[in-house]
Amino acid sequence: MARHVRKAVFPVGGMGTRFLPATKAMPKEMLPVVDKPLIQYAVEEAAAAGCEHFIFVTGRGKNALEDHFDHAPELERTLKERGKFDLVEAVTSWMPKSGQISYTRQSEPLGLGHAVWCARDLVEDEPFAVLLPDDLILSKTPCLRQMVAVHTEVGGHVVAVSDVPREHTKRYGILDVETDNGRIAKARGLVEKPDPELAPSTLSIIGRYILHPIVFEVLDRKEKGAGGEIQLTDAISQTIGTVPFHGLRFEGNRYDCGDKVGWLEANVAFALDRPDISDAVRSALRPFQF
């Protein structure tokens, strides 16, 4: 039986250039979807999956992100004095407890694999999750919780996957599938951003991973791949055969919030999913229906 996934890594050192000028002074992970920042959704998803230790791989200019996961005594005191206890709950109820959050710095933007490698001493020798806050998933059961259930059965590496149009394979890590039951695909290989005519399938990884710590042995070599960066998918690929590798077609809808249109779609979808505002949102959207 696979070990419990206790630790979650959040690579949040990126500059968010696709959202400039909004991200000039604000971390992209703090962009709100309705009334919560992207990073809060990711942490809540990890907590719902049973994670107990949240590891942020940050960079320069991420102070607002760190402050978001700390108490704001003046704000909380003012809200209490004004009797706004529902707002006190809104800013405190989701926060991890003292000692559950760790921060480490990625001093150079050398790729996702390098960002994960920066967390190696905090992860140590146990399976761990990696969540990319840009990928926001609306689902009845949190995506990572679905993955943890599969990981308990199969162990090794488990990634969230979805089928993409063949012409989009050069944007993603693509699985070379050995067997596929329509929900879980066992892979014999993995190719980072292949040209459409060379892609072994159209099953792509999105920003959720559960990884065996053996991946750090490959990342320690700091070998560069596509784009001259240290690719996490390359490290995963080199461990296939030593540990099993499966992709899960998760239940839910994924929104690419690193893209302006994807972020707008996420705001609409999550707002419509909120019973407290869904009717008002539908009314507001009615003039824009084409």
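UniProt positions are given here in the numbering of this chain, feature names are shortened, and annotations may be inferred rather than shown by experiment. This is a predicted model, in which local features need pLDDT of at least 70 and side-chain atom pairs count only at pLDDT 80 or more, while totals for chains, interfaces and linings use all residues. Residues are numbered from 1 along each chain as its sequence is written, and side-chain values use heavy atoms, with hydrogens and water left out.

View 1. The chain holds 11 helices and 13 strands, where helices (H or I, at least four residues) and strands (E, at least two) are DSSP runs numbered from the N terminus. Its radius of gyration is 19 Å, close to the 19 Å that the globule rule gives for 290 residues, so the chain is as compact as a globular protein of that length; the radius is taken over C-alpha atoms, and the rule is 2.2 Å times the number of residues to the power 0.38. According to an unreviewed UniProt entry, the annotation "domain: Nucleotidyl transferase" covers residues 12–243, and over this stretch the chain is 30% helix and 24% strand.

**View 2. Ser204 within strand S11.** Ser204 belongs to strand S11, which spans residues 203–211, and with a relative accessible area of 0% Ser204 is buried (buried means under 20% relative accessible area, exposed over 50%, and partly exposed in between, with a 1.4 Å probe and protein chains only). Leaving aside neighbours within four places in sequence, Ser204 is in contact with Ala160, Val161, Ser162, Val164, Tyr172, Gly173 and Ile174, contact being heavy atoms within 4.5 Å.

View 3. Most residues other than glycine have a negative phi, and most peptide bonds are trans. The bond from Leu20 to Pro21, however, is cis, with omega near 10°, and Pro21 itself lies in the loop between strand S1 (7–11) and strand S2 (32–33).

View 4. Although Lys193 is not a glycine, its phi is positive, at about 50°. Lys193 sits in the loop between strand S10 (184–192) and S11, and at 40% relative accessibility it counts as partly exposed.

**View 5. Lys222, between two helices.** Lys222 is likewise not a glycine, and it has a positive phi of about 55°. The loop that holds Lys222 runs between helix H8 (215–219) and helix H9 (232–239), and Lys222 is partly exposed, with a relative accessible area of 39%.
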